[in-house]
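This briefing covers one protein model, from its overall make-up down to single residues. The sequence and structure come next, followed by the points grouped by topic.

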Amino acid sequence: MKLKYLILGFLMFAGGLVQAQVRFEAKVSREKLGINERLRVDFEMNEDGDNFKPPSFAGFTVVGGPNQKISTSILNGKMEYSKTYSFYLQPKKRGNLTIGQAEIVIDDKTYKTSPLTVEITAAVDKPTDGDNTELIAEDNLHLVAEVSKANPYLNEAITIVYKLYVSPRVSVSNWRELDSPKYNDFWSQSIDIQQLRVENGEYRGEPYRYVILRKTILYPQKTGELNIEPLTLSIAVDVPSERRDIFGSRIYKTVNKTVAADNKKINVKPLPDGKPANFTGAVGKFDFNVTTTRKELNAGESLQAKVEVRGNGNLKLFDLPALTAPSSLEMYDPERRENVNTNLNGMQGSIAETYTIVPTRKGKYPIPALSFSYFDPSTETYKSLNSDEILINVDSGPLAGNEPSGISGVNKQRLDLSGEQFRFIKLKTNLKAIGSEGFLGSAGFWSALILPLAAIPLFILFGKKREERARDVRGNRIRKADRLARKYLSEAKRNLGDQKEFYLALERSMHNYLKAKLRIQTSEMSKERIQALLQEKSVDDQTTADFISLLESCEYARYTPASSDAMNHDYEKAVNVISTLDKQL
């Protein structure tokens, strides 16, 4: 009997879990609108139901709907179902209007949505409909800046990642930066993104696709509240319209939308009190070493002493402790080397200063121990590391305090001979017999004298033609642009209409043009490298930005559908960019 009750209780509990997973909710396109605008209301459920009953929509006129949309997707290996009923409403009066509860029956159980309140204001100058393409693009496109830490210490690494979220309802065909953040009061370094990759995720609880556009490492250089400026983009969004083609597929309309990430406030904490006397601003987690290439040598020979810090932190933003040595060890200025990689965890690697030391006297000389201090943000404490004293043994040479005599202190160097110091006497000569006829008065002499005079009219005619062509500035520019377009963009033009082949050919043509003009290899074709090279060649910022934008359009078009208008626009833009670049390079 007890077993029966246990089984019954388990079944009731499992049924309650299944019912708890049912979601039925109402959403509005806007919570505030003018009386001359329209509102879209969506009733969405994650299980198929029966007997859907919409609310009465008191205070509104139903001007469209219900429109039904059913979608099934697989996210992280789990199948998700969605069914939506959409209505388009026109308000009848001003004030706060309430959209009542809708009902649906799922598995013999009735579910209701929560009431929604919408504020209706006076008429606006430029009304937008609930199904307006501008509004759809705004509702389904979001640029988000994600900051790893909002309260870092001074000189502690933080990361900012810019993600573009795109709803499955729309697609992006092109984008370009309108305004880039300056990162004032920060030391910054961008992390190169080799290829844009579309991933599935969520935005405010809804399934979205997103692309990581930019990753940047920041090291704050001031304490207090610092502002991170927003990134602003201009994006061409393909929005579905109510029109359909002859095959029943929706016709997409391209809308240019400007989106910007929010301003981010960072509260930078000062480093705590109690800094060691030798602290130079190192923040992170490090190891410290002082090494020499040899410890026994003769006077006049050399050794290298290396002071190295290795670890994770602001490696490029602090000074290494200086090495000291006795006066009998002649020491030269150090050579600094940095082997640092930057990723989302900050700067990692090592920095080192290498000293060349030459002993001048026989004896034993100590290189004093060094101390290095840094602040560890994970433990919020200062830490000090010490090296060992290094003893240098100079075996042979003049004793300390004695001056060298004669030439014993001179370093002998081997004389390298190239093998061409001595040459054999030439056995073959070019002698001429006495009384032989000279060049003066010969046929060759008269030919060399007359032919240049006869060629003068030809040079004059050629010069005039060349001057006429040179004065035709507009014609030369057009001809040059046409030749370049035919040479580098002919393949892309042949593939207009085929999105994949067109953008592959367009990207190839842009790379081939740069390869020919700048003599760089394909392996060097990163966007940052191209931008740096164009700036070195004094190409104006707008042309550089247009070229980079075209490359990014080619990358992005591999994952999102593009309209024929977008492909034609990119082709014309490529012709203009190549023509402009050819004038400046």
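**Loop residue P230**

P230 sits in the loop that joins β17 (224-228) to β18 (232-244). The model is predicted. Its secondary structure amounts to nine helices and 30 strands, and 38% of the 585 residues of the protein count as buried.

- P230 lies 8.1 Å from D179, C-alpha to C-alpha, although the two are 51 residues apart in sequence.
- Apart from neighbours within four places in sequence, P230 contacts D179, P181, A261, D262 and N263.

**Whole protein**

- Among the contacts in the protein with a separation of 6 or more, 71% are between residues 24 or more positions apart.
- The accessible surface of the protein is about 35,600 Å².
- Carbon and sulfur atoms contribute 49% of that accessible surface.

**Buried strand residues**

- I99 belongs to strand β7, which covers residues 95-99.
- I99 counts as buried because its relative accessibility is 1%, under the 20% cut-off.
- Leaving out residues up to four places away in sequence, I99 touches V28, L39, V41, P55, F57, F60, L89, P115, L116 and V118.
- S350 is part of strand β26, residues 346-359.
- With a relative accessible area of 7%, S350 is also buried.
- Residues up to four places away in sequence aside, the contacts of S350 are E308, V309, R310, L315, R337, E338, N339 and V340.

**Loop residues with positive phi**

- D107 is not a glycine, yet has a positive phi of about 55°.
- The loop between β8 (103-106) and β9 (109-112) holds D107.
- D107 counts as exposed because its relative accessibility is 64%, and the cut-off for exposed is over 50%.
- E380, a residue other than glycine, likewise has a positive phi, near 60°.
- E380 is located in the loop between β28 (371-376) and β29 (381-386).
- The relative accessible area of E380 is 45%, so E380 is partly exposed.

**Packing of α7 with α8**

- Helix α7 (residues 527-536) and helix α8 (residues 541-556) have axes that come within 10 Å and cross at roughly 160°.
- The two helices are therefore roughly antiparallel to each other, since angles over 145 degrees fall in that class.
- The crossing of α7 and α8 is right-handed.
- On the α7 side the contact involves K527, I530, Q531 and L534, and on the α8 side T544, F547, I548, L551, E552 and E555.
- Sorted by class, the residues in the contact of α7 with α8 are five nonpolar, two polar and three charged.

**Packing of α8 with α9**

- The axes of α8 and helix α9 (residues 564-584) cross at roughly 140° and come within 10 Å.
- At that angle, α8 is oblique to α9.
- The crossing of α8 and α9 is left-handed.
- From α8, residues T543, D546, F547, S549, L550 and S553 meet D570, K573, A574, V577, T580, L581 and Q584 of α9.
- The contact of α8 with α9 is made up of five nonpolar, five polar and three charged residues.

**Packing of α6 with α8**

- Helix α6 (residues 499-518) packs with α8 at an angle of about 145°, and their axes are 9 Å apart.
- The crossing of α6 and α8 is left-handed.
- In this contact α6 supplies Y503, L506, E507, M510, H511 and L514, while α8 supplies F547, L550, L551, S553, C554 and E555.
- By class, the contact of α6 with α8 has eight nonpolar, two polar and two charged residues.

Conventions:
Residues numbered from 1 in each chain as written. Predicted model: local features only at pLDDT ≥ 70, side-chain atom pairs only at ≥ 80, totals over all residues. Heavy atoms only, no water. Helix = DSSP H or I, 4+ residues; strand = E, 2+ residues; numbered from the N terminus. Buried < 20%, exposed > 50% of the residue type's maximum accessible area, 1.4 Å probe, protein only. Contact = heavy atoms within 4.5 Å. Areas by Shrake-Rupley, 256 points an atom, 1.4 Å probe, with all protein chains shown as cover. Axes fitted to C-alpha atoms, helices over the stretch in contact; angles between N-to-C directions. Parallel < 35°, antiparallel > 145°, perpendicular 65-115°, else oblique. Left-handed = near helix turned anticlockwise from the far one by under 90°. Nonpolar A, V, L, I, M, F, W, Y, C, P; charged D, E, K, R; others polar.
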